[in-house]
Amino acid sequence: MTRALPGGSPGTAPQDDLPQAVKILVAGGFGTGKTTLVSAISEITSFHTEENLTRSSLGVDDTAGVEAKTTTTVAMDFGRITLHDRLDLFLFGTPGQDRFWFMWDELAAGALCALVLTDTRRLASSFAAVDYFERRGLPFVVAVNTFDGARDYPAETVRAALDLDPHVPVLFCDARRRDSVKALLVDAVEHVLAVEGRLSR
């Protein structure tokens, strides 16, 4: 005999009782700190698809400015944060190299918004991510990862260099620090709410 759950048909749970999830993408160029950010905030052991850089990637992957980097994400990073007992936040980090961009459409499906991580020493590496989300119409914020030794620039200088629309927030974070990443995620969600508010007027 199949038991009928309260408020639902036999064997089903009421829609309001089902766990819900919010999805945010973490994008940006190669070596901007996407994997580090997901690891810093995830409450579970984050999932990574990292592979060692090999000689075959020479001339294919642009490692200028990040010569010490020895691994690369080939599919995605994944982390989870529990917001409350029926709401989870899923973080999906995208691969940074051109040759893995075919993954982006799959990862972007159903996303609430995106974080575009940048490195002020290699701003050009994030042009493609900015262009992708602009064309897709997905709300995004630009997050300058404050690498040790990198020169500090004001937000408006970064905005001009990336040719961003005036409504796109330019924020600063340390992808290694949980509190910094948490504040960034809050700002990103608030940006989405502001965008939705403008569209509903």
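**Helix faces and aromatic contacts in the predicted model**

In helix 4, which spans residues 155-162, the residues Val158, Arg159 and Leu162 are buried. Viewed along the axis of helix 4, these buried residues fall within an arc of 100°, so they line one face of the helix. The buried residues of helix 4 pack against strand 5 (113-118), helix 3, strand 6 (140-145) and strand 7 (170-173), whereas the face turned away from the buried side carries the exposed residues Glu156 and Ala160. Helix 4 is followed by aspartate 163, for which phi is positive, near 55°.

The average pLDDT of the protein is 81, and 73% of the residues score at least 70. Over residues 1-10 pLDDT stays under 50, and the model has 11 contacts beyond four places in sequence for this segment; pLDDT likewise stays under 50 over residues 51-58, for which 15 contacts beyond four places in sequence are present in the model.

Helix 5, formed by residues 178-199, has 22 residues and reaches 32 Å from its first C-alpha to its last, close to the 32 Å expected at 1.5 Å a residue. The buried residues in helix 5 are Ser180, Val181, Leu184, Leu185, Ala188, His191, Val192 and Val195. These residues cover an arc of only 140° around the axis, which puts them on the same side of helix 5. The exposed residues Lys182 and Leu193 are carried by the face of helix 5 that is turned away from its buried side.

Aromatic side chains provide a further set of contacts. With ring centres required to lie within 6.5 Å, the count comes to 6 aromatic pairs. In one of these, the rings of tryptophan 104 and tyrosine 132 have their centres 5.2 Å apart and their planes at 80°, so the pair is edge-to-face. Because tryptophan 104 lies in helix 2 (residues 104-108) and tyrosine 132 in helix 3 (residues 127-136), the pair ties together parts that are 28 residues apart in sequence. Both tryptophan 104 and tyrosine 132 are buried, and Trp104 and Tyr132 form one aromatic cluster together with Phe133 and Phe140. An aromatic ring is also involved in a contact with a charged group, in that the charged end of lysine 23 sits over the ring of phenylalanine 92, at 4.9 Å from the ring centre.

Methods:
Residues numbered from 1 in each chain as written. Heavy atoms only, no water. Phe/Tyr/Trp six-rings, centres within 6.5 Å; stacked < 30°, edge-to-face > 60°. Helix = DSSP H or I, 4+ residues; strand = E, 2+ residues; numbered from the N terminus. Buried < 20%, exposed > 50% of the residue type's maximum accessible area, 1.4 Å probe, protein only. Lys NZ or Arg CZ within 6 Å of the ring centre and 35° of its normal. pLDDT = per-residue confidence, 0-100. Contact = heavy atoms within 4.5 Å. Expected span 1.5 Å × (residues − 1). Arc of directions from axis to C-beta.
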